[in-house]
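Open the model in your viewer and keep the selection tool at hand. This tour goes stop by stop, saying what to pick and what is there.

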Amino acid sequence: MKDDINKQRKDTGPGSLRIGVYVCHCGKNIGGTVRCEEVAEHAEGLPGVVVAKDSLYTCSEPGQEQIKSDIREHNLNRVVVASCTPRLHEPTFRAACQSAGLNPYLLEMANIREHCSWVHLHEKDAATEKAKELVEMAVGRAARLTPQIELTVPVTRKAMVIGGGVAGIQAALDMADAGYKVYLVERSGSIGGRMAQIDKTFPTMDCSICILAPKMSEVGRHPNIELLTLSEIQEVSGHIGNFRVKVLKRARYVTDECTSCGDCIEACPQLTPDEFEAGLSIRRAIYIPFAQAVPSKVLIDMDKCLNTQGIVACDRCFQACEHKCIDFADRDKVLDLEVGTIVVSTGVDVYDPTPLTELGYGKFPNVITTLEFERLINAGGPSGGELIRPSDRKRPRKVAFLQCIGSRSKRSNPYCSNVCCMNTIKDSLLIKEHWPETEIFVFYIDIRAFGKGFEDLFMRARREGVTFIRGVPGEIIEDIDTDNLTLLGENTLLGTHYRYSMDMVILSVGIRPREDSHVLQRLLNLSTDTDGFYMEAHPKLRPVDTTTGGVFLAGAAEGAKDIKDSVTQASAAASRANILMSRGEVTIPAITAKIDPDKCTACGVCAAVCPYHAIEGDKELGHYRVIEAACQGCGTCVPECRFGAIDQTHFTEEQIVSQIDLALSHEPQNKIIAFACNWCSYAGADFAGVSRIQYPANVRIIRTMCSGRVSPKWIERAFLKEVGAVLVSGCHPADCHYNNANRQTARRVERFWRRMEKLAINKERLRLAWVSAAEGAQFAHVIKEMEEGLRKLSPEKIRRDAERLKESLKKKSNQP
Amino acid sequence: MTTLRIWKFFSREDLYECYQCARCTGSCPAMEVAPAIGPRETILRCLNLGHQQVVEDERLWLCCTCHVCEDRCPQKIPITDLLVALRNSAARRGNIPDRLSMAIELLAKTGRSMIVHQLDEMRAHHGLAPLGPAPVEEIRDILEKTKLDEVVEF
Amino acid sequence: MEYALYLGCAIPIKYPGFEAATRLVCERLGIGLVDLPFSCCPPPSSMKLVHYDSWLALAARNLCLAEEAGLDLLTLCSGCVNTLKEANAILKRNDSRRRKVNRILEDHNHHFNGTIEVTHILDVLYQDSVVEKIIKESVREIPLRVASHYGCHYFRPPKYMYPTELSPAESYVPVQMDHLLSLVGVEPTEYSRKFLCCGYPLGSNMDQEAGYELTRQKLSYLRERHVQALSVICPSCFEQFDMGQVILARRSKEKHKLPVFYLTQLIGLAMGMSHKEVGLDVHRVKSKKLLEGRNIA
């Protein structure tokens, strides 16, 4: 392998360039806007290009075959594919190159779909010209690529599942059954999650806990699963295959010998609302979360126990326990665990409708939520399964369900919560099953019965006499004598205003991301979508992967979904994790930093900015060096070196400068150069494309792994070349995929602004913008604003600014 | 007489945000006691039939201007801005309730929206000085310049 | 503490008693009031619906007068505060509208600069320093079950009326009047549909009957809570409830009527002012007996 590389390095020197360019029509996706034949023709004339072709689908088997046969036939030593985003098909084309004997790092892609045809749909000429220039830039960079070998590291054959709801349970069991050790980390006292709280499931009306409990106990006794309840993730370090996770395991104050006989619970004098029962009943400070809890052991809620701060003021539970299992001296522990993969299945919170004051939740006792209803109708619940209304414990004769509470609304969650329609239909049938004479009204906007068996259930509810009224009430009034509720609203299908008197109102509340989901998001470098759910690596093709290698998503943490979808996704996530663990090793992209010991003066500035402490050395040694296995390839160290001693593999100074120069080879004054980090901003620009959000065609996006790689020298170079404006964009502060490396970005841009100020160059020509992967609209908005600013500048002014910058550099170099 | 450009007051795109949940009309007090169109149907009519048709309808004026529709709107559509724009446009076409045009005329002529007999005596009863004169000329001039006469003669 | 007193039309012309009570209360609290040659605000339920540009220009003129005096503008009516607060916000924010209005006002030597704020007597009284003084100046308690009616225009739309106090769901629920009244011994009483419209704008513009139907509903919700009096901060709401009860009583058999007070009348009573001093003698629904029964008159 090493020899191959050396041979290829020799064969592919600049003198002997043989580049093949492939312009993809992507059906009409690119071809409908960009004249691809013209682009290919243009590419043919570029230096080093020996073949240039356009094809309908380059990613198709014939498309790939074409590339492979050309590599062999024309002896190609570089391949440029102009098609969709490299975030989608770079692996495909790299594999194609490799199978034809070309090092995969000799492939370069020009993104002419997400960054061109889709965002300039109606500007065929401008899009075609832009595509040509993007291909020029790609060809220029390709000429400077060098072959690389990827480092292989072993994968720890252990997994961690965070969150013990049904998704976490399924994922843990699947991986454990495949033979891998699994740590299942659950924050509360028992696994089970939301599913344990629900009475029946839709559309089959199975008893929820009856089908969940066997899985829960299987987790409890599985030899490969280590269940960590009352536990939370504190710190995560490392990377795919080799994560180190610090888990805070809170004290249970009860030893493992507990038989959950309940004697201690009866003795406890402290009462508090029972979370599992949605606050409808009370529990003691020492308690079992619920009857089927796993582990089936009591625990003490120290916030409610009288024995705070280690002082034993009450020992009734201790006295009551025959086995002496109560241990007030128990303390929180921090566990240091090593795992190869992580599955995130943290679930969701339920929307709290209190802010919607017009509905009276929290004020009128007979207005309850669907979660409270689930507990009320559950045989194990506070009313023993009797449907009673809270105000007088009488059975309601007329019940209303209100749909879309907290969903599809800019006042709460903008998205559809997916489960509420079917949940309500199921609930209405449950009432009909037990008390058929109950009148049930469902007030809805749209009934979304899209899944297998859903429409049948909807039909059944209508046949059973459930009344569906289109138009949700605007307001609820409580009758002072009867506690009945009057619903005011409009029946939109009849066009009439209604007033219905009801005994009980059930608000079909939506689900939302966990309130503290940002904590795990930062610990694991995950992205979130605009709704706050964790974002998948690709919405269609990598639906359970995240942008952090080795971390997978399962269940509603990724987006509102029902039990079946959660379980499906959990098995998918487990399967993805199993692949990694069974392979046992993983390759690390060859994008690490390299230090030239001859140029290095051992000043150590680079080591100070490295987010991973991956640079070591000292004055005595005479130079610093990069620890390759620890380097994550952000490139933040490179711009810090004043002596040009560091460079980043595959994102070299030379490669990127060539992209800048080529982007500015025609009409530079009219151009915007946008540096975009791979994880957020480049993905955000891709998302603008996917969403077809249109923006001006004069922007040229250059990808770096992290915005920390963006060197002030590049910005300077662009301004010397008379660029119109420069955008530096990266992840939002604290969302950086490289441990806050983007703080260096901000610092460097600010310093450049000060230089611009001194030289009286309009500061607005350099913009810093944080754009996340979900913010396509924001990316387009920034470009539009910059374009507007650009239109106010004359080419003459831009030229004069460049002159002044040149002068200042001359002066600087003349100084001793 | 010039027609009013409704979409200068209210962005047309906001209409598309409406998914007809009817929380607005469900909360509307006018809808409870009078044959009003209601905000939901007003938006739907603008979308499906065009606002020209809406401004011809005198039921457009059955409204408390209480803004509760906007307050309850899950999509935060500035409904009351739309209703103001539609009524301004309706008034230009002569669709304006008599009581309202009379009130506007009085305001334009006197600078105040009401008059009573024996005002000074009434104020004196409460130990108050007579009310100073309203700046009638100035008001009239301002209202001429804003072209109120295109809608209500005064 | 000094304000430009914006009386509007209904208060000085129809209900000067509110003006008298307000002036007396402010004097006791050390709040200076300056009278300026204002015109009609003009109302959000009439001029704004008919001719927006005229509405904005007249409102701007009133705002300019207060600006010229260098004083914040104090209103006594929910309608006036709605117009003037909204117009003030729009003119401060929207350059082209401001330019257009200023071109018209220039001929009369006014220029809108956006230097003042608009407030309502309720918010002035609700300031911490004023609350302290109210407590100090109060000589007797008003031991009545009183419900508050704020008037829709006083707080809606919150995006103009209380832009900094929005809850995540953006349903602003005013509480100021209830809190203030509890300070003077009143038992603030909640009731159904507290924020339902009084019916005045519907009645005055289009359909008197429909307007009174809303008033009747409001009154029925008040009665079921055994409320003894209603407190308002707007002359239009007042008229709808005071006059409205007389008209509604002609049709229904309802004998018992609910006295309606303007907020400063109740505060004035607590400060020891007499029934007549605060102008209660001219209300259609009489309150004298109710007050005398509790040794307040």
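Begin where chain C meets chain B: in this predicted model, 47 residues of chain C are in contact with 50 residues of chain B. Select helices on the chain C side. α1 (10–13), α2 (16–29), α3 (47–50) and α4 (52–69) of chain C each give at least two residues to the side that touches chain B. So do α12 (200–205) and α13 (208–223) of chain C. Which of them supplies the largest share? Pick α4(C): six residues of that side come from it, the largest share. Now colour the side of chain C that touches chain B by class. You get 27 nonpolar, 11 polar and nine charged residues.

For the pairing of chains, the predictor reports an ipTM of 0.95 and a pTM of 0.88 for the complex.

Next, colour by confidence. Chain C has a mean pLDDT of 95, with 99% of its residues at 70 or more. Chain B has a mean of 93, and 98% of its residues reach 70 or more. Within chain B, look for helix α1 (residues 6–9), where confidence is lowest, at a mean of 84. Then find helix α3 (residues 23–27) of chain B, where confidence is highest, at 97.

Now select the strands of a sheet in chain C. Four of them form an open sheet, in the order β6-β5-β7-β8, with parallel pairing. Go to the edges: β6 (187–188) and β8 (260–262) of chain C. Each has a single partner strand, so one side of each has no neighbour in the sheet.

Zoom in on β7 (residues 229–232) of chain C and β8(C). These two pair in the parallel sense over three bridges. Show side chains here: Leu230(C) stands opposite Val260(C) in β8(C).

Pick helix α11 (residues 176–183) of chain C next. This helix lies across β5 (145–149), β6 and β7 of chain C, and runs at about 155° to β5(C). Which residues of α11(C) are buried? Select Met177(C), Leu180(C) and Leu181(C). Look down the axis of α11(C): the buried residues fall within an arc of 95°, so they line one face of the helix.

What covers them? Show α7 (121–125), β5, β6, β7 and α15 (263–270) of chain C, which are among the elements covering the buried residues of α11(C).

Last stop: step past the end of α11(C) to Gly185(C). This residue follows the helix and has a positive phi, near 90°.

How values were computed. Residues are numbered from 1 along each chain as its sequence is written. Chains are lettered from A and ligands numbered from 1 in the order in which they are written. This is a predicted model: local features need pLDDT of at least 70, side-chain atom pairs count only at pLDDT 80 or more; totals for chains, interfaces and linings use all residues. pLDDT is the predictor's confidence in each residue, from 0 to 100. Two residues are in contact if their C-beta atoms, placed from the backbone, lie within 7 Å. Helices (H or I, at least four residues) and strands (E, at least two) are DSSP runs, numbered from the N terminus. Ala, Val, Leu, Ile, Met, Phe, Trp, Tyr, Cys and Pro count as nonpolar, Asp, Glu, Lys and Arg as charged, and the others, Gly among them, as polar. Two strands pair if DSSP finds at least two bridges between them. Axes are lines fitted to C-alpha atoms, for helices over the stretch in contact, and angles run from 0 to 180 degrees between N-to-C directions. A residue is buried if 20 or more other C-beta atoms lie within 10 Å of its own, exposed if 12 or fewer, and partly exposed in between; C-beta atoms are placed from the backbone. The arc is that of the directions from the helix axis to the C-beta atoms.
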